[in-house]
Amino acid sequence: MSFSFWEKETFIGKIDYGIVGCGIVGLNTAINLKLKKPDARVVVFERGYLPHGASTRNAGFACIGSVSELLSDVQIMGEDAVFALVERRYQGLEKLKKRCGENEIQYKGLGGFEIFGVQDELNKDKCFDAVHEFNKKLNSITKTEKTYEKLETKSPFLGMEGIHAAIKNTVEGQLDTGKMMARLLKLAKDIGVIIFFGIEVVKIENEHEPCLILADGESINMRNLILCTNGFARELMPALEVIPARNQVWVTNPLPGLKIKGSFHYLEGYYYFRNVGERLLIGGGRHLDKDGETTSEQGETEIIQNGLRHMVEQIILPRTPYQVEYKWSGIMGLGPTKKPIIKAIDERTFVAVRMGGMGVAIGSLVAEEVADLVLSHD
Ligand SMILES: Cc1cc2nc3c(=O)[nH]c(=O)nc-3n(C[C@H](O)[C@H](O)[C@H](O)COP(=O)(O)OP(=O)(O)OC[C@H]3O[C@@H](n4cnc5c(N)ncnc54)[C@H](O)[C@@H]3O)c2cc1C
């Protein structure tokens, strides 16, 4: 099939900035470019009929990092890099809230909680010991003296079996992921960003200028291309250091009287859960089968589903009848470090990928940085 003259003239041609991927990064990048260059033609290409990446399938945690996760990251990235990343997550969240409006995305500052089980005593002690130092380091970022607060309880914390200790992150919150994406889509459309759904890019060529090759063999040229396909980045640019990582998620039926309120992390964030109104959302368990979950295929597996079931029945909601009403999976983009990749491939081709498990937090800032990078080459 070939594009008609009319299609080329009105829809597909003369693209100044073409963005592949309609997630939080792609949409924010498009908005930033359109705001800075109102006369430019900014077009987003998305293969799903909805944005079908992690941005509509995540847990909606507005978080900057739990103590055990940061301690573990320090071993890999070093302290300076870790706190620089925490600062960027914090700034990203501020930008997201400012752009979308807290009410519109139902942001709730209920706090984040890292919980510790009885068999986790050593880790708990290590984390409790780090709280004072971490609070000093984060003071200049969060503008609060107690970003982290230690909690110890005699009876099980919020009724959770074997949980008597937690660290509260006082600046974290939760939001409605669907409403966040709907808001970004509306903001983009209102200022004239063009969004095409159902367009799968199968190849990128950049001989004279960037060119997308589509699944039906048609090609689309553009002055600048920005790749924002996160966990799927290697499908189009195999040299990028991005590893796809699947996460499986459940949402239960409404459970009147649910005590869980806020965003919770367990085992360095490998399990995460929160309330969605009176429902429980839980996801993770990737540590149970890292090889199996290193995939960009959606799906569910017995080993992870059993892990989620164990968490709900043995720890979070012991002796509480519940039903799983929603099950899904989503694909994250990971790498050897948690730093996103924001770079120019050549004068006209750019990438902003590898958001790790915190793209809701850092995505808006990454989008600003890549838009500035693109404009600096213009
Ligand atoms: C289950 C789960 C829970 C998470 N929970 C949280 C959380 O609570 N808090 C948090 O901060 N982060 C969380 N994350 C991470 C966060 O969701 C991501 O980091 C973030 O959404 C990434 O945004 P993105 O725009 O970079 O990529 P994506 O949202 O993945 O967008 C990439 C888009 O590119 C499209 N695409 C890919 N290939 C092509 C192609 N060839 N042609 C056309 N389009 C293409 C995809 O369909 C997709 O829509 C979670 C992730 C998952 C999977």
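Which residues lie nearest the centre of the second largest pocket? In this predicted model, local features need pLDDT of at least 70 and side-chain atom pairs count only at pLDDT 80 or more, while totals for chains, interfaces and linings use all residues. Residues are numbered from 1 along each chain as its sequence is written, and side-chain values use heavy atoms, with hydrogens and water left out.

Nearest the centre are D176, T177, V276, L281 and W328, among the 19 residues that line the pocket. A pocket is an open set of points on a 1 Å grid over the protein atoms alone, where a 1.4 Å probe fits, with protein on both sides within 12 Å along at least five of seven lines; lining residues have an atom within 4 Å of a point. Two or more lining residues come from each of α6 (177–190), β14 (271–276), β15 (279–284) and β16 (324–334); helices (H or I, at least four residues) and strands (E, at least two) are DSSP runs, numbered from the N terminus. The largest share, three residues, belongs to β16.

Strand β15 pairs with β14 in the antiparallel sense over six bridges, where pairing requires at least two DSSP bridges between the strands. Within this pairing, R274 has L281 as its bridge partner. The hairpin of β14 and β15 has two residues between the strands, and G277 takes a positive phi near 60 degrees there. Strand β12 (residues 243–252) also pairs with β15 in the antiparallel sense, over three bridges, and V249 is the bridge partner of G283. Because five of its six residues are buried, β15 is largely enclosed by the rest of the structure; buried means under 20% relative accessible area (1.4 Å probe, protein chains only).

Key. Buried < 20%, exposed > 50% of the residue type's maximum accessible area, 1.4 Å probe, protein only.
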